[in-house]
Amino acid sequence: MPQTLARPARAPEAPPVSPAAVPPDPGLQALAEQYGLTVSGARPPLREYTRRLWARRHFIASFATARLAATYTTARLGQLWQVMTPLLNAGVYYLIFGMLLHTSHGIPNFIPFLCTGIFVFTFTQSTVLAGTRAVSGSIGLVRALHFPRAALPVAHTLIQLQQLICSMGVLAAIVLICGVPVTWHWLLMVPALLLQSVFNTGLALVMARIGAKTTDTAQLMPFVLRTWMYVSGVFYNLSTFTSSAPHLVSVVLNCNPALIYIDLMRYALIDTVRAQDLPPHVWPLALGWALLAGVAGYVFFWKAEEEYGRG
Amino acid sequence: MADTTIEGTPAPTGAPAPSDDRTPTVICDHVHIVYKVHGGSAGKGSATAALNRIVRRRPSAAVREVHAVKGVTFVAHKGEAIGLIGSNGSGKSTLLRAVAGLLPPAAGRVYTHGQPSLLGVNAALMNDLTGERNVVLGGLAMGMSRAEIRDRYPGIVDFSGINEKGDFVSLPMRTYSSGMAARLRFSIAAAKSHDVLMIDEALATGDRAFQKRSEARIRELREEAGTVFLVSHNNKAIRDTCDRVLWLEKGELVMDGPTEEVVAAYERSAG
């Protein structure tokens, strides 16, 4: 082995301000290969990355639980807010859309209809917002410890899923109070929720990468999300609009993933929402969106794995 | 180019020469690091100025490039404890972040054995969670199993010494003093044996008793065939723990050699 390896081998002249790519030192490269050293911070292949992420599943679960517990520690009512927040949300929208604007025309069981829409959309909305800040908000953790960064957006999705399950308890109570019967259709909630969770995880991963790079995203997202909410038929029956709209517009509106997941949940919970009220091909679309967002989001996030600690 | 003399400094004599029986753990090959700083003083900060920049597709004047590390080359071996010294802003922390794989070099390469872990002063864990939760989450994030954490939990808390003055471990970490937080972070990271552990001034805030304990732990980690890097402005801590020292100045490696020689040269230059 050459004598010079452990020495400062730099020539004394000042290097240029923008260093041109230095060719690898063949001696050092050979030494690294001889002892199986790898380039630091290199992104692992997708399969290996997935294996490491799976190995951190306990971390993801604990992180989600701890974060959820910490969310309300500074509020006096504590965990009660987990139930109060969706209820207050539903109250506000009922006041405006149900009582003032009368969008309830022609919708039987308007209160369950409205609450389902709001709770399901809130799941996607808050996951996107949490995902945007998932990496940038935990930068200390990212810089201190090594773990697959995808654990953070996945954990944030899990937090929102736990919130949603809490909201679904509230929703079940509301639905029953409004006199909607319990049917075997309620079981359809499980696949609908599962597909939406996969879809949301994909969105959170995409937003986490964008949010880690472009800090302006966090300012912009609330507006994007509000627009999305208004075209997703949360407070009104979208089919009254799409039936008279041009074909292309109605196809695009009916393929909206938020609408798909909201309608599936309504179909599962409310007996007056019949299969013919649903947009066409609703289950294949729900599955397609989940797979597309899940896979594309995961790969998109993984592509920038080595860059998340920068800044 | 066996003994390159670098401007104004004596050539390091008697620097540890690599021999074939020593296993390298970190190889830095002409590493250059350039990073962008947002929100520098240059340029107007007004909204119209920002809009003008976007319309004309010009890079923001407020983004400046800092060439923090300029072509550093060294090889670290198993069982070495290496100190990094140099004045503030000489690129020590930046270099360690590149070795940890957190800051990709603009040119040159860093090869490492396993995954180096960096422990810095600013590496806050989760401030709104209790110390207890931080121990468990930190352990899980490092890839320890729940059973392993259960076994080591008392050891970690005792080592950090944060429970010496009452039950602090069940309080949120935001209520800790900076010294207590730094001690807990070090204890969590040191609970696992690392191939390469880098400590960035994390021990400076600890008290004397804790510094003694951490020096002992660093020696243990070295015996577990790891490599330890230590950044410190405390030359005594460097002398006590390190057997080799890298002296960085303005992003360049000035000297690389046995602790006593390099620290003495550094002290002479600092006056």
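Predicted model: local features only at pLDDT ≥ 70, side-chain atom pairs only at ≥ 80, totals over all residues.
**View 1. Chain A and its run of helices.**
Start with chain A, which has 13 helices and one strand. Walk along the sequence and you get the pattern α-β-α-α-α-α-α-α-α-α-α-α-α-α. Chain A has 311 residues, and 48% of them count as buried. Take the contacts in chain A with a separation of 6 or more: 80% of them are between residues 24 or more positions apart. As for the surface, chain A exposes about 14,900 Å², with carbon and sulfur atoms supplying 68% of that area.

**View 2. The second largest pocket, lined by residues of chains A and B.**
Here we look into the second largest pocket, which has a volume of about 720 Å³. Its lining takes in 35 residues, and the closest to the pocket centre are R52(A), H146(A), F147(A), Q115(B) and P116(B). Which elements each supply at least two residues of the lining? From chain A they are β1 (38-39) and α2 (46-55), and from chain B there is β5 (117-120). The largest share comes from β5(B), with three residues. Sort the lining by class and you find 16 nonpolar, twelve polar and seven charged residues.

**View 3. S187(B) in helix α5 of chain B.**
This one zooms in on S187(B), which sits in helix α5, residues 178-190 of chain B. Is S187(B) buried or exposed? It counts as buried because its relative accessibility is 3%, and the cut-off for buried is under 20%. A polar atom of the S187(B) side chain lies 2.6 Å from the backbone oxygen of R183(B). Setting aside neighbours within four places in sequence, S187(B) is in contact with I156(B), F159(B), S160(B) and F210(B).

With a relative accessible area of 5%, Y111(B) is buried.

Terms used:
Residues numbered from 1 in each chain as written. Chains lettered and ligands numbered in written order. Heavy atoms only, no water. 1 Å grid on protein atoms, 1.4 Å probe; cavity = no way out; pocket = protein on both sides within 12 Å on 5 of 7 lines; lining within 4 Å. Points joined across faces, edges and corners; volume = space filled by probe spheres on them. Helix = DSSP H or I, 4+ residues; strand = E, 2+ residues; numbered from the N terminus. Nonpolar A, V, L, I, M, F, W, Y, C, P; charged D, E, K, R; others polar. Buried < 20%, exposed > 50% of the residue type's maximum accessible area, 1.4 Å probe, protein only. Contact = heavy atoms within 4.5 Å. Areas by Shrake-Rupley, 256 points an atom, 1.4 Å probe, with all protein chains shown as cover. Polar contact = N/O pair within 3.5 Å; in protein donor to acceptor, adjacent residues only side chain to side chain.
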